[in-house]
Structures are given as structure tokens and as C-alpha cells.
Amino acid sequence: MEDSPIADASKSGQLHQQKAEIAPVSGERPDQGEAPVADYEHTASDNPTKDEHEENAGAPPAHEHIPAPPTAEAKYLYPVLAQPPEALTGLKLEPRAKIAAGVTAVIKSMQFSWTEGGVGRGTKALLGLNQKDGFDCSSCAWPDPDEHRSVAEFCENGAKATASDADDKAAGPEFFAQHSLADLSRLTDRDQNNAGRLTHPMVKRPGGTHYEPIEWPEAFQIVADELNALASPDEAVFYTSGKIPNEPAFLFQLFVRQFGTNNLPDCSNMCHESSGSALSPTLGLGKGSVTLNDFYEAEVILVIGQNPGTNHPRMLSALQHAKRNGAKIISANPLIEAGLNHFKNPQDFMNPLRALGALMGDGTPITDLYLQVRVDGDMALLRGIMKHLFEAEDRNPGQVVDRAFVAEFTTGFESFEQNIRNTSWEEIEEISGISRALLLEAANMLATKQKIITCWAMGVTQQRQGVQTIQEIVNLHLMKGAIGKPGAGTCPVRGHSNVQGDRTMGIWERMHAPFLDALDKEFQFKSPRKDGFDVVESLKMMNAGKTKVYFSLGGNLLAAGPDTEFIAEGMRKQNLTVFVGTKLNRGHLVTGKTSLLLPTFAHVDIDMQKSGHQMTSCENSMGVVSQNKGILVPLAGDMLSEVAIISGVAIATLGEKTTTDWVAMTENYDVIRDHISRVIPGFERFNEGLRQPGGFYLPNGPRERKFTTKNGKANFSTTELEKYTLEPDQLILMTVRSHDQFNTTIYEYNDRYRGIHNERRVLFMNKADIASRGLKAKDLIDITSHYEGEQRTVEKFVVVPYDIPKGNVSAYFPEANPLVPITSVAKVSNTPTSKYVVVTVVPAKVEKAQPAQKQRAEAVPA
């Protein structure tokens, strides 16, 4: 293995050393490597089945019946609210937008940036965002161009996330002295975020009502004392957010495993776990196979269960580029989304040839065929397309199915083909909600093409059969030979900036033996081999009182997870909760007996350690690892980097039981990367590669038609298409984001693309479903979910008529999360089914939503 390119340890990590002389010319595409790597993400020969995992981990049975917690009643039972307050903020409805981005997106980006961080600080942050020598956006993981990058290489939501991180307001000791946890819980999630940056370590002591200041050494010792008092290391749960860069993520899993447990749940368990579960056994790698440049060569792009206009706006630029190169785009989504309709690229305003058209016209049409599929109907939709393709192959032998690819690279084709042919058109149309004729249009676009990309996100992964649906996506690509060639492949679109990288770094409850063996060799210890708990399993154990410490490295599990009140009950049962974060969120307020709130740097902050200005790294959705180097001076206070916090906890907890030099890794992050280079395949020249402009690609077997599955082949899947029967008054709910939020962070109460302003407690309903229940627009309703005989109810939502399939409804999370049962999970992946919740709606006690009223909680003073 190569040592760090900086030989002098006293200079390593200093600012003037961050640009390596060995870097290629800017714009040159980094070498991706030729050898595929072992997949540490999911199923391989040494990985147990789900049943074996549950037995190994000591997890509760997956189908264990758990009574519903009080949901509507919780606000009367607990002084600290786990759910957002019910006060309505004054709904204003406008027609649904038909065009995404444009001038409005530019104006909103500037307004938010200058409001949060000031003109100078906000502008400086935006100019360094996603640049090759700057810092990585803390929101989505969409890749940056290999070559030229615009001076404004960000989207509206990236600008909001960066502005929020660059906030010049402080939520320090004075703020927490003025506001109890109960008072803070009655603020909206937006106002909690807008309180300012956390600047000092704080503690809530047993019986306390407020967070109070604490010094770092005492905070570390509290964690150490609680952890070392446990009867077993498995009585602690260590959660990770996908915003955490590679270096602290690697250190976190190292500390946790040296402590003695694999209880490392993370946000992947709730989003793309289904993708890894489907891709690994079929293709050998639980990641996508395409690069950004493949979009520019694609002939057909399928976008399934994804809303890029709100959740991954920079993806629209790639789709626009593909359209201009002649690609056809098929979109499948229950909601008609503006970003999949037309797109006005803000970058076009800088091009004299396109500026007028961008200002005056309708932008670029994105979708050629929009399939408004029913919630949970994507598997049937895919089967319909493939059934048409097989019928076309019958008429044109050898012209539709890539028989040569199938014969050379795959197994299981015959069983798969028979399964598709045996599926009836009646089943396909009923479950998908899409006519045979429309599915034929989609099939005709694909029939003669091989440069095909399929993109998907949580609209697929959070279904009951999310894993099996993704396997059908893989089936489609394999029958077409549409993988491992330019312009073709699979593209799971990840959320947080480093959610994919955290898994690569070992943040997983079921890491494979090769990784653990290499870790043990590098750090001279024996890591535990017993499986840990994923998110759902961890929450069950916490709720049952079988764990005593919850440690969260970033994130907001209370608001991100299912069954909000179930999570809250589990948090209250912990002896200690530890929250490492940058800004206040609701998850920090529902605590154990003792709770620590530990402030850390954001991506935008300069991280100065003994050896100088440090950089970290993130891995994007397409396997590119690039640098993250902050450019803003942190606010005055007593913040520590994530690396320093983890090392401080490790030193205090492990004491003489560890021989790891935590101090050296804290003083110089190159030391961490040197360790990584000797543990994880693909990172052999980590420090060198990170200093290349744009970073470096990790090896990717499927991208080169090298399938590292157990049998060395790409495997077709034979899935079961399940049909579920509902009661006459029941509907299927899916939760979604608004445009003014990222994950659980709420920036404003608006969702302008869907015509929603100044309100979040809304339920999108088909007009026929509204009328059949005797309701009308803006009526107040209560929503009840039904699962295994248990009911969960949320109150005071507003009816919004919307273009959504009959029998389907939609609401925002986290407001609707209390309706998602903890035991309702996707097969295999154990991902909560936030895209399939059986609900009923009834009129609320108040008959009609009132006009805009004074918010229950005003914005918090700085």
C-alpha cells in the first residue's frame, strides 16, 4: 500500500499541501480502476440470510406483533412533543407548477443564502460549493461534472442547505437557558432549525428541564461511564447520518467495533437498503453502475419513484443534456411533478444564446411518456413493459432481447421469462393502474435500444416489495444487455451527500468478514462477528428497554424514522442519549435520563487541527470520492470536529484497551486516510487520489460487466407479484418531501411546485375520493392508519385536491410518520414502508380550516 504523498508528518494536512503535483490536468477523467471490488454492502457468500441475521443479532422476530403507541393522545401525555405541533399556519393554494427551476429558483437561492448567513458569508459559501477545491454540498449525493464546473455548481436546495449551515446566528448557552425542552418542542421544525448554529456542548441532567453548558472532558467522561457500565456492548446503539464524511465515519465504526458491538444502524436502512439488497445478489455490487457521462449517451432513461425537481434538482441538468442529445425519457410516478415536466436551467441565463429562451419560454420538456402509476404498482408496470418486449421478440427474433449478452453473462433467464409471460394483463393493469396501450408505448421506446438507464429513489425502495421491484429493474437491463456499456446501466439516486460513502467505510450492522479481517489486522484487535441491529431492530430494542445508550452522529432519527411515538418512547427509556449535530432539531429534545448535545462543524466550516487546514471526503451516487474542504470561519464558541468528538469519546471509553493512536488521527486526517487505504479495496492511493481535481472513481464491476456475485454471473430474478385487498373506505398513503425541505430539515412551509404555500399539514387527495367522503377542499380531517388490527391517528390535516390516482393519497413527512407502523417493512431489506400505508380519513372536529392564523410559535430570537 502507498503511504501518504506528504512524507513530513509535521506538514501533512496544511493548506498549501492540499494541491498535489501529481494531479492530472483539470477535467481529465480519473482512472476508475479495472478490477471489481468485493461488495461490502449486501448479500455475498459469507453473508447470512435475513432469518440467520435475526438469530445471530438477537433481534426481535420480524413479524412480532407490537401494539400501536398513542399517537393523537401523545400531546396530552408528554410535556416534550415528539410530533410537530398541530397549529395551522394558513394554507394558500395555487395551481400546480408545470416548470421547475428558472428565475424563481435563482431568486429563492439568493434570498435564503443572504438571509441565513449574510450577503458576504452566504455568497462566499455558494461560490465554494461543489467546486474541485471547495466543499461538498451537505444535501444530495448527485455527482459533479468530471470536467468543467460552473461558478454556480449548485441547485436551489443545495443553496438552502449550505445557507443553513452557514447561518451566522448562534444557539448557545443563553438560548438554552431561556427555553426549556418542552418549550422548544412546541416550535415548528422550521423554527427549531432557524434558532441558529449549536456552539457549545450542552447536557440535560436527570430530572432537568433545560440543556445546560458542560465542558468537553466531562461530556466525554459521561459517555465513557455509561458505556462501560453496560452489561454488554450490545446495550448501546450507534446511529449515523448520511451527511457524515468518510473520515469520521470510518473512525466511528472503528470505535464502535473496538468497544465491542456491530450495532451501527444508519439512514441507509430507511432509504436505499432495498437497492443494496436487490443489486448485490443480482449484479454483485450494491451500488449503481453508471457515471454522469453515461446520461449524455443514453437513448432512453426511465425515472421511477423519484422526484428530481425537489429531491435531486441538479439531476435535471443531466436529463436536459440527455434530451438535447436525443434521449427519450419515461417517468413513472403517482404524482405529476414539475421537474419531470419542464425544466428551465438557471445555467442557461449565463449563455447569451439561451438566456432569452430560458427567461421567456417553457424550458426543456423532460418527459416523453408519463406513467401515473398507482402507489406500490411499479413492479406490475415493469412486468407489463417486459411482457410487451417478449411479445415483440416473438415477432422479431433476436432484435429485442440481447441473447448474446444473456448467454455469456447471466443465469436464470428461462425462469424469469416464463414468470413474465405467465403474468396476466388483467393483473398488470389492475395493480399498476396503467393501461396495456400506454405500457406498449413505453416498450416501443425500449425495444430497439440498449443504451438504457433506469433511475429510482425512495418511491421504489420504501414499498413493501421494493427489493423485488428493483430486481425487476435489473431484469429489464439484463434482457436488453443494457449494462456495462456507455450510456447504459442502473442508477439508484442516493439522498444525503455521503450516505453511500458511510456504508463503504463500514457503517453497517452486517459487515462482511473480509472488511472486519482487514480492520482487525490494521488496528490489532478482534472486532465482534455477531451481527448488530439495523434501524427497525434498534428501535424495537430501545422501546423494549433492552438498550440503555443511544448515540447519534448527526441526523434526526425521531423525525426520519417510522412510528414517531414508538421511537420517542424508546428514547425516553435510555439512560443516556448523545446527539452530535450542527443545528437544533426535534430529535434532540426527546431524550434519555441524561442527554448530551455536542456541537460540530458543518461541511462549509474550516477545520483547523494541529497540522493545519483539514479536508474530508465524500462518495457520491456514482462512486466518485472527492474532497470536502471548508471555507468559512466557524462561529465563535466551543465546537469540535466530528473526528475530534469521536476520538475524545474513544479515548475516554476504551482507555488502555485500545492501541489506536486517536490523537494522531485527530491532528492530521491524512493518517486516517492512510489507515483506510490499507483496509478498504479501491482506496489504495487515497491521499493521492483525493488531491486530484474532481477526486477519483472507485472500481465498479457491473460497469465493466464483471459481476462479483457468488456464481460470477449477473442473475435474473423470479419474483412474486402480490395483490392486496383493501376495505371499501381505505386508501393507500405515501409520504413525500415538500420543495422547501431536505430530508427532515424544514426550511419553509411552502411547496411551490405543488401549489402549496404556508402550510405543511396537508393531505393530497383525488377529487373523486374527496367527493365520495363528503369532503371538499380545505376541510380539516383526521387520518388513521390500519395495520395488523392496530390503529394510529394524526389530527388536523387539510384536504388538498390533487392529480393523484384514485385510491391513493400523499402527505409530507415527518408530519405523517406517526402513521407508519414500526413492523410494516419491505421484504428482505427491513426498510419501513413509508410508500405503502393503509389509511382512512374522517372529518375533524373543526369543520373547515381557518384563515391564516398566528403561528403557535414565533421564530426564536437569535
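This is a predicted model: local features need pLDDT of at least 70, side-chain atom pairs count only at pLDDT 80 or more; totals for chains, interfaces and linings use all residues.
Colleague: Which residue in β18 is the bridge partner of F579?

Modeller: L597.

Colleague: Switching topic. What is the strand order in the open sheet of three strands?

Modeller: β21-β22-β23, with antiparallel pairing. β21 (616-619) and β23 (696-697) stand at the edges.

Colleague: Why is one side of each left without a neighbour in the sheet?

Modeller: Because β21 and β23 each have a single partner strand.

Colleague: How many bridges between β22 and β23?

Modeller: Two, in the antiparallel sense. β22 spans residues 624-628. V624 has Y697 in β23 as its bridge partner.

Colleague: Which helix lies across β21 and β22?

Modeller: α10, residues 246-259. It runs at about 90 degrees to β21.

Colleague: Now the hairpin of β30 and β31. How many residues sit between the strands?

Modeller: Two. E788 takes a positive phi there, near 50 degrees. The strands run antiparallel, and seven bridges join β30 to β31 (residues 790-801).

Colleague: Why call β30 largely enclosed by the rest of the structure?

Modeller: Because seven of its nine residues, in the stretch 779-787, are buried.

Colleague: Last one, α9. How does its reach compare with what's expected?

Modeller: Close. α9 has 13 residues, 216-228, and reaches 18 Å from first C-alpha to last. The expected value is 18 Å at 1.5 Å a residue.

Colleague: Which α9 residues are buried?

Modeller: W216, A219, F220, I222, V223, A224 and L227.

Colleague: Why would residues three or four places apart point the same way?

Modeller: Because an α-helix has 3.6 residues a turn. Among the buried ones in α9, look at W216, A219, F220 and V223 with that in mind.

How values were computed:
Residues are numbered from 1 along each chain as its sequence is written. Side-chain values use heavy atoms; hydrogens and water are left out. Helices (H or I, at least four residues) and strands (E, at least two) are DSSP runs, numbered from the N terminus. The expected span of a helix is 1.5 Å times one less than its number of residues. Buried means under 20% relative accessible area, exposed over 50%, partly exposed in between (1.4 Å probe, protein chains only). Two strands pair if DSSP finds at least two bridges between them. Contact means heavy atoms within 4.5 Å. Axes are lines fitted to C-alpha atoms, for helices over the stretch in contact, and angles run from 0 to 180 degrees between N-to-C directions.
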